[in-house]
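Dear colleague,

Please find below the structure that I am passing on to you.

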Amino acid sequence: MRRLTDAELTAARTALLGPDGDDLRSAMVDLTLGRPIGSGTGLQLARQLGWAEGDRLTEVGQLVADPLRELAFYEEREGTMASQDVVPRLAAKCYAGQRVIELGSGGGCNLLGLGVVEGWFVGIDPMPVSLQIMPILAEIAGRPRPLAAEARAEELPFADGSFDVALCYSAHQYFDVNRAVAEMDRVLGPDGEVIIVGMSLWPFIPETIVRFARTRSLGTLKYDTVTILNTAWYQLRGRRLVQRAGANTTGFPIYPSGRFMRRLLRRHGFAVDEVTTSRLPSDETALIARRTGR
């Protein structure tokens, strides 16, 4: 995986914390979301850093833009946890005094949100650039640097029973979820809880139809079709048909169905709490499961 050199990281820190840092962050988020770029110096600075060419992100720019987008959403929420208004269990106060691991923690903004209460909060992510940018984001937010390690969800570098809660927010689609849930099972204690927030197959399929009708993009249609086929094959055979990783991801996403995820969690001794499990306005599901006391 690509990582920033010492010189690139120093330049990134100087630019993001400098007088034009707000313009730079706004420009990077706008480029990521396909929005018009403002008239500030942000785009020019992004080009100087090698994060943009013309009006498009470069490969390294895509890697940097992901955590910057996280920070923008974190700031919009005024530092609260995402979707806690819909799913109260996601609010930081619910994790006070607990040992929490976030799988796919990215730039660490969920960890920043949890950091307002006492507890032990640790993130893991396989993308080096997100981890390199994380301390800069914490400094911008005025929060302590979160604890995080470079690792994959399928091979957690922690001892058995190290955590009370395993949190995964919009990241499980990139995992080998069979192995990742087995690892969650291993590192959680006897009263362990799993919280997985993300898209599932059946909301995703109609979204692809709407997306193609709106964009008429064959590239988007191809990508979405591969995602659906990968998901179906994974649910049948336990592996993706197409394995290739992209510049800013560990591989093509899959969106396992709710039924598949419930069955997988049951196999590892977790029962889904159907009272607190919720569908979000984004069509994602917050799946909450706890030990069954096997």
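Helices here are DSSP runs of H or I with at least four residues, numbered from the N terminus. The model is predicted, and the description below should be read accordingly.

By that convention, helix α9 comprises residues 218-237. Its 20 residues reach 28 Å from the first C-alpha to the last, close to the 28 Å expected at 1.5 Å a residue. Just after α9, G238 takes a positive phi of about 80°.

The buried residues of α9 are D224, V226, T227, N230, T231 and Y234. They cover an arc of only 155° around the axis, and therefore lie on the same side of α9. In general, an α-helix has 3.6 residues a turn, so residues three or four places apart point the same way. The cover over the buried residues of α9 includes α7 (177-187), α8 (201-215) and α10 (258-267). On the face turned away from the buried side, α9 carries the exposed residues L218, K222, L236 and R237.

Is S278 buried or exposed? With a relative accessible area of 18%, S278 counts as buried, because the cut-off for burial is under 20%. A polar atom of the S278 side chain lies 3.0 Å from the backbone oxygen of T276. Neighbours within four places in sequence aside, S278 is in contact with V86, V87, E284, T285 and A286.

Yours sincerely

Note on methods:
Residues numbered from 1 in each chain as written. Predicted model: local features only at pLDDT ≥ 70, side-chain atom pairs only at ≥ 80, totals over all residues. Heavy atoms only, no water. Buried < 20%, exposed > 50% of the residue type's maximum accessible area, 1.4 Å probe, protein only. Polar contact = N/O pair within 3.5 Å; in protein donor to acceptor, adjacent residues only side chain to side chain. Contact = heavy atoms within 4.5 Å. Helix = DSSP H or I, 4+ residues; strand = E, 2+ residues; numbered from the N terminus. Expected span 1.5 Å × (residues − 1). Arc of directions from axis to C-beta.
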